[in-house]
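Hi,

Here is the structure I said I would pass on.

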Amino acid sequence: MKKRLGFIIVSFLLLSSCRDQPKKNDAGIITIANGQMPAITADDVHSLNIVFGRGDSIMYTASDKTGSSFSLPVIIDTLHGLVASATRGPQISTTKNGLAIIAVNKNGDIFSYTKDTAGKWNRAGKVNDADT
């Protein structure tokens, strides 16, 4: 019984993890993930880094320099009222210290995020003043 339950759990996890895998359509176009307003940058090793919005979530995925495959998207943060439309989605940039992202919510608050050397995203803080 324990083996059967273990098999069912492992099968479920494997099948559910395939949900956001990149898919190629009949025209040869690869869909990396569902979301809005993607922004892209190349880092110092020429990897492609993409940030995009999905609801209130700031999402991130990366590829090697060929762009032929991408990692599964990960949630960087959930920002209530994330603006991810009308060319105002999250933005990503390569800096001398690594990757940085800014994102805006519907109140006009701007938040920044950085990726540390271990690959973890950290909220650096609110960029704009409290009175703006």
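Leaving aside its neighbours within four places in sequence, which residues is asparagine 105 in contact with? They are Leu79, His80, Gly81, Leu82, Val83 and Phe111, where contact means heavy atoms within 4.5 Å.

Before the rest, some housekeeping. This is a predicted model, so local features need pLDDT of at least 70 and side-chain atom pairs count only at pLDDT 80 or more, while totals for chains, interfaces and linings use all residues. Residues are numbered from 1 along each chain as its sequence is written, and side-chain values use heavy atoms, with hydrogens and water left out.

Back to asparagine 105: you'll find it in the loop between strand 8 and strand 9. (Helices, H or I with at least four residues, and strands, E with at least two, are DSSP runs numbered from the N terminus.) Asparagine 105 is buried, at a relative accessible area of 7%; buried means under 20%, exposed over 50% and partly exposed in between, using a 1.4 Å probe and protein chains only. A polar atom of the asparagine 105 side chain also sits 3.0 Å from the backbone nitrogen of asparagine 107.

Now the overall picture. Of its 132 residues, 31% are buried.

Strand 5 is worth a look. Seven of its seven residues are buried, so strand 5 is largely enclosed by the rest of the structure. Ser57, Met59, Thr61 and Ser63 point one way from it, with Ile58, Tyr60 and Ala62 pointing the other. Strand 5 pairs with strand 4 (residues 48-54) in the antiparallel sense over seven bridges; two strands count as paired if DSSP finds at least two bridges between them. These two strands form a hairpin with two residues between them, and glycine 55 in the turn has a positive phi of about 65 degrees. Strand 5 is also joined to strand 6 (residues 74-78), antiparallel again, by four bridges, with isoleucine 58 opposite aspartate 77.

Finally, the largest nonpolar core has 16 residues, and Ile58, Ile76, Ile101 and Tyr113 have the most contacts inside it. Such a core is a set of buried Ala, Val, Leu, Ile, Met, Phe, Trp, Tyr and Cys residues joined through side-chain atoms within 4.5 Å. Strand 5 (57-63), strand 8 (98-104) and strand 9 (110-115) are the elements giving two or more residues to this core.

Cheers

Technical notes: A polar contact is a pair of N or O atoms within 3.5 Å; within protein, one must be able to donate a hydrogen and the other to accept it, and residues adjacent in sequence count only if both atoms are side-chain atoms.
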